[in-house]
Amino acid sequence: MAHSMPMDLAREGLAERASPKALAVPWYIWSGLVAVSSIAFGLYWDISWHMTIGRDTFWTPAHLLIQFGGILAAITCSYLVFATTFGHNPRLREASVGMWGFRGPLGAFLCAWGGVTMVTSAPFDNWWHNSFGLDVQILSPPHVVLAIGILGVEIGFMVLLVAQQNRADGALRAKFTRLFLYMASIGLFLHLMLLAELIDPNQMHAPMGYRALSLGAPMILVAYSLASDHKWGATIIAASAMAMRIFFLWTFPLFPATPKLGPVYTNVTHMVPLSFPVLLIFPAMAIDLVRQRLGNRNKWLLAAALGAAYVATLVAIEWPWASFMVSPLARNRIFGMIYFPYQFPSTLHYLAYKFEPTTAAEMARGLVIACVSATATSRLGLAFGGWLAKIRR
Amino acid sequence: MIKRILSLLFAVALAEVCAAHVGSPDVYFQGEAGPYHLVVAVMTPQMIPGIAEIQIRAAEPGVRQMRIVPLYIVGEGSKYPPPPDVLAPSKDDPQFFSGKLWLMASGSWQVRVEADGDKGSGTIAVPVPAAARATLPMQRGLGAMLGALMVLLVAAVVSIFGASRREGQLEPGAAPTVSDRQGARLAMAVTFMIAVVLLALGGGWWKSAAAKRADRMIYKRPELLVSLAPGNTMTLHIGESQWHKLRDEVVSTRLIPDHGHLMHLFLIRMPQMDRFYHLHPVQPAGKVLAPVNETGPGGFVQELPSMDAGQYKVFADIVHDSGFPDTLIAEVNLPQTAGQPLTGDDSAVSAPIIGDAKSAPLVSNLSDGTRMIWERDNGGPLHSNQLLWFRLRVEDANGKPVNDLEPYMGMAGHAEFVRDDFSVFAHVHPDGSAPMAAVILADKTLPGANGAGAAPMANMPSMSSSPIGSKVSFPYGFPKAGLYRIFVQVKHNGRVETGVFDARVQ
C-alpha cells in the first residue's frame with residue numbers, strides 16, 4: 001500500500017468518511033440530496049411552466065434542473081461503484097454488495113438503475129410527442145417510465161442514506177435521520193404532484209380524491225417513519241412536504257410570465273403555481289400516534305389500525321377544509337384559489353368553486369375502498385420500512 | 001420561387017385524410033399587408049399538436065422584419081394572442097422569411113403576419129385549418145434500442161433485488177450464508193415475475209392509450225351520402241363526424257356560405273376525367289326530403305343539368321362557421337340525364353381523356369371560341385412540394401388577349417387541381433388555397449378592421465373592384481408526384497368557361 005500514494009490516500013479518506021466510525025456525513029449523501037431535490041423542484045417548475053408559458057423545448061430551465069439532478073445522481077453513483085470495485089479499500093468493499101462483477105453500496109446500484117431509466121424515457125417521450133402531439137399529459141406511457149426512473153433515483157439515495165443511518169449511532173445517527181426524513185418528504189412531494197389532477201378542493205367531497213390519497217401516501221408515511229425510527233417521523237415528513245408546496249405557492253406567482261403558445265383561454269400574467277396542499281399533516285400525526293401505541297402488535301392488525309386512522313383523520317380534516325377552500329375566503333394569494341392555467345377557459349373558472357357531485361352511497365363505498373387501500377398499503381409500508389431498517393450496506 | 005423545406009417530422013406516405021381539399025394539406029396564400037404584397041406558404045404538421053413551418057416572401061425589397069402569431073379565428077381561444085415570433089430575413093434572400101408556428105390543437109387557425117419595413121407596417125391574416133392527419137410508427141432503430149434497454153433494466157433490477165437479499169442486510173465484512181444465497185435466488189425469481197407482469201400490463205396500456213389517442217385526434221371526414229331522386233334531382237346528406245362533434249367549440253358543425261354558396265359540388269367522371277361539373281346544391285326551404293340519413297347538418301338538393309352517364313367522383317366543399325373547411329367525398333353512378341340547362345354559377349366542361357396527349361398541351365379551347373393559354377415559365381418539369389405560380393391568359397381566336405373577363409363568384413377565377421387517381425383535390429383561388437369565407441372571418445379580427453367594410457376586401461387582389469383584364473394566376477404546390485388535371489374556370493361574356501390542362505409532376 002505504501003507505493004500507491006495519493007490515489008489511495010484519497011480513497012482512504014473516502015473510506016474514512018464512509019466507515020461506521022465516521023464523524024461526518026459523506027459527500028455523496030449531500031450530492032444525493034442536491035440531485036433528488038433538483039429533480040423534484042425541477043418537476044414542479046416544469047408543471048408550472050406548462051400551465052403558464054406552454055412553449056417548451058428540451059432546454060428550458062425546468063428541464064435543465066431535472067437533467068442536472070439525473071446527471072449528478074449518475075456521476076455520484078458511478079463514482080461510488082467504481083471506487084468500491086477498483087479501489088483498494090477494504091472498508092468500502094466490506095460495506096458493499098455485489099452485482100455483475102461490480103461492488104458498491106446497494107443504494108448506488110438502485111440509483112444508477114433509476115438514472116438509466118430516466119434517460120431511456122427521453123427518446124421514448126420524444127417519439128410519443130412526435131407521434132401523438134406536443135401537449136403534455138402527466139401520465140403518458142413515457143412519463144410513467146420517467147416516473148419509475150425518478151422513483152429509482154429517489155429510493156436509491158434513500159437506501160444509501162439509510163444504510164449510513166443504520167450503521168451510525170448517537171449524534172451522527174440523528175443527523176442521518178434528519179436527512180432521511182427530508183429525503184422522504186421529497187418522495188411525498190413527488191407523489192402529491194402525481195396526484196395533482198385528482199385532489200383539488202372541489203374534488204374532496206367525492207370519493208376519488210380520498211381513494212387516490214389512500215394508495216401511495218400511507219405507504220410512504222408508514223415505511224419511512226418506521227425506517228427512520230423517529231417518534232414523529234410521519235408528521236415531520238408530511239409537514240415538510242406541505243411546507244415545500246406552500247412555499248412554492250407563495251413564491252411562484254411573484255414572477256411575471258405570459259403564455260407563448262395559443263390558444264390562450266385565461267389571461268395569465270405570472271407563473272401559475274400548483275394548489276395549496278392537502279392537509280396530510282393530520283393523518284400523518286394519526287399514523288405516528290398509532291405506531292407509538294400499537295407498534296409491537298401483529299403487523300396486519302397494526303396495518304388495519306394505521307389504515308383506518310389515516311382515512312378517518314383525512315376525511316374528518318379535509319372535508320371541512322375543502323368547504324373553506326371553495327368559499328370566497330380562500331380566493332387570495334395565501335390559499336391560492338385564484339390561479340388557473342392559461343388553457344382553462346375563463347367561462348369555466350366557476351367550476352373550481354363547485355363540488356363535483358356524488359351520492360351518499362358512492363361516498364360510503366369510496367371510503368370503504370379507501371380504508372382497504374390504506375390498510376393494504378400500510379402493510380406494504382410496514383414491510384418496506386422494516387426492510388429499510390435492516391439495510392447495512 | 002419559394003423553396004420547400006422538408007418537414008422535420010418523418011412523413012409516412014401522406015394519408016388521404018386532410019380537412020379542406022383532399023390530400024393537399026399545405027396552405028398557399030397571397031395578399032396585401034398594408035403596403036407590402038406577401039406570398040405565404042404554411043406546411044402543417046402531420047400530428048396536431050405540432051409545429052408548422054411558415055415561409056413568407058415579400059414581393060419587393062424593403063421589409064426588415066416579420067412578426068407571426070397563430071391564434072384561432074373565432075371563439076374563446078381567439079381573444080388573447082400570445083406574443084408574436086419575430087422573423088429576420090434570410091441571409092441568401094432578404095425578401096424571404098421563414099419560421100415555425102406551434103399549432104396546439106386542431107381547429108380553424110389564422111396566422112397574423114405583420115410586416116415592418118421602409119414603407120411602414122401592415123398586417124395580413126392567413127387562415128390555416130389544422131387537423132391531425134396521422135401518427136408516426138416508431139422507427140425500427142429506436143424500437144430496437146428501447147427494447148434492448150428494457151431487457152437491460154429488467155435484468156439489472158432483478159440483480160439489484162438479489163444483491164439486496166443476499167448481502168444488503170449483512171453487517172459490513174460478514175459473508176452471505178447459504179440461506180442468504182437461496183433467499184436471493186427466490187427474490188430474483190419473484191422480482192422477475194413481477195417485472196414481466198408489469199411490463200405486460202404496461203405494454204397493454206401503451207397500446208390502448210396510443211389507439212385511443214389516435215382515434216380521438218386523427219381527422220375523420222364526415223360521410224357524404226348521395227342519392228338520386230326522380231326528376232333528375234340529386235340529394236346529398238352530410239353524415240355525423242365524431243371528430244367534429246368533439247371539437248364543436250373550435251370547429252363547429254354549422255355551415256356558412258363560401259363565396260356565395262353553402263356547398264360547392266364537383267362531379268368528375270371516372271376514370272378518364274373527361275366530364276367535369278361544378279354545381280351548387282341548396283338546402284330546400286320547407287320541402288320535405290326522403291332522408292337518406294337522419295343525422296348530420298342536413299340535406300342538400302341539386303337539380304341536375306344534362307349529364308352524360310358514368311361513374312362520377314363527387315367532391316363537396318363546405319365551410320363551418322369557425323372558418324374550418326371540409327371537402328366531402330363520394331362516388332355516384334349516373335344515368336344519361338336530360339336536365340335543366342346550366343344556370344347561375346353552375347358550370348361544366350367536356351375534355352379529352354386525361355393523359356391522352358403525348359405532350360400535355362398548354363392551350364385549351366373554350367366554348368365561346370376563345371382560348372386559354374397556360375403561361376409556363378420555361379416548359380421545364382414541375383416539382384411537387386414547391387410553391388408554383390399558375391398563370392393563365394385568355395385570348396380570342398386571333399391571338400389577341402381579351403380584356404373583359406368578369407368576376408366569377410367574386411373572383412378572377414377558380415382552379416381545381418385533381419390527381420388522376422383522385423387522391424388529391426384542391427380548390428384554389430387567386431389569393432390561395434384558403435376558403436374565401438375563412439379569409440373574410442380572419443380579416444374581421446384584424447385590429448382596425450371595421451366589420452364587413454371595404455378594408456377586408458382591399459387586402460385581396462382577387463376581390464379588387466378593378467377590371468380583371470385577360471390574366472388570372474393561382475399559387476399552389478402539388479403535394480406529391482403524379483399526373484394531374486387542372487380545371488381553370490373564368491367568366492367571359494356572361495358565361496363560365498373552363499380550361500383544362502394536364503400536368504406531370506415529379
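The contact between the two chains takes 41 residues from chain A and 42 residues from chain B, where two residues are in contact if their C-beta atoms, placed from the backbone, lie within 7 Å. This is a predicted model, in which local features need pLDDT of at least 70 and side-chain atom pairs count only at pLDDT 80 or more, while totals for chains, interfaces and linings use all residues. Residues are numbered from 1 along each chain as its sequence is written, and chains are lettered from A and ligands numbered from 1 in the order in which they are written. On the side of chain A that touches chain B, β1 (97-99) and α5 (106-132) of chain A each supply at least two residues; here helices (H or I, at least four residues) and strands (E, at least two) are DSSP runs, numbered from the N terminus. It is α5(A) that gives the most to this side, with 13 residues. By class, the side of chain A that touches chain B splits into 23 nonpolar, eleven polar and seven charged residues. In this scheme Ala, Val, Leu, Ile, Met, Phe, Trp, Tyr, Cys and Pro count as nonpolar, Asp, Glu, Lys and Arg as charged, and the others, Gly among them, as polar.

Within chain A, the domain assignment gives domain 1 (1-168) and domain 2 (198-393), with bounds that come from an automatic or database domain assignment. Their C-alpha centres sit 27 Å apart. Domain 1 of chain A puts 18 residues into the contact and domain 2 of chain A puts in 19 residues. On the domain 1 side, α2 (27-52) and α6 (141-167) of chain A are the elements that give two or more residues. That side of domain 1 has eleven nonpolar, five polar and two charged residues.

The helix α2(A) also packs against α7 (residues 170-194) of chain A, at an angle of about 20° and with the axes 10 Å apart. Axes are lines fitted to C-alpha atoms, for helices over the stretch in contact, and angles run from 0 to 180 degrees between N-to-C directions. The pair α2(A) and α7(A) is therefore roughly parallel, a label for angles under 35 degrees. Among the residues that make this contact are I29(A), L33(A) and V36(A) of α2(A), and L179(A), Y182(A) and M183(A) of α7(A). The contact of α2(A) with α7(A) counts 14 nonpolar residues, one polar and no charged.

Turning to chain B, its secondary structure comes to five helices and 26 strands. Of its 506 residues, 43% count as buried, meaning that 20 or more other C-beta atoms lie within 10 Å of a residue's own, with 12 or fewer for exposed and partly exposed in between. Among contacts in chain B with a separation of 6 or more, 70% come from residues 24 or more positions apart.

The peptide bond from I48(B) to P49(B) is cis, with omega near 10°, and P49(B) sits in the loop between β2 (36-43) and β3 (50-58) of chain B. Another cis bond runs from M270(B) to P271(B), with omega near -10°; P271(B) is in the loop between β12 (264-269) and β13 (275-279) of chain B. D229(A), although not a glycine, has a positive phi of about 60°. Its place is the loop between α9 (216-228) and α10 (233-251) of chain A.

Note on methods: Parallel < 35°, antiparallel > 145°, perpendicular 65-115°, else oblique.
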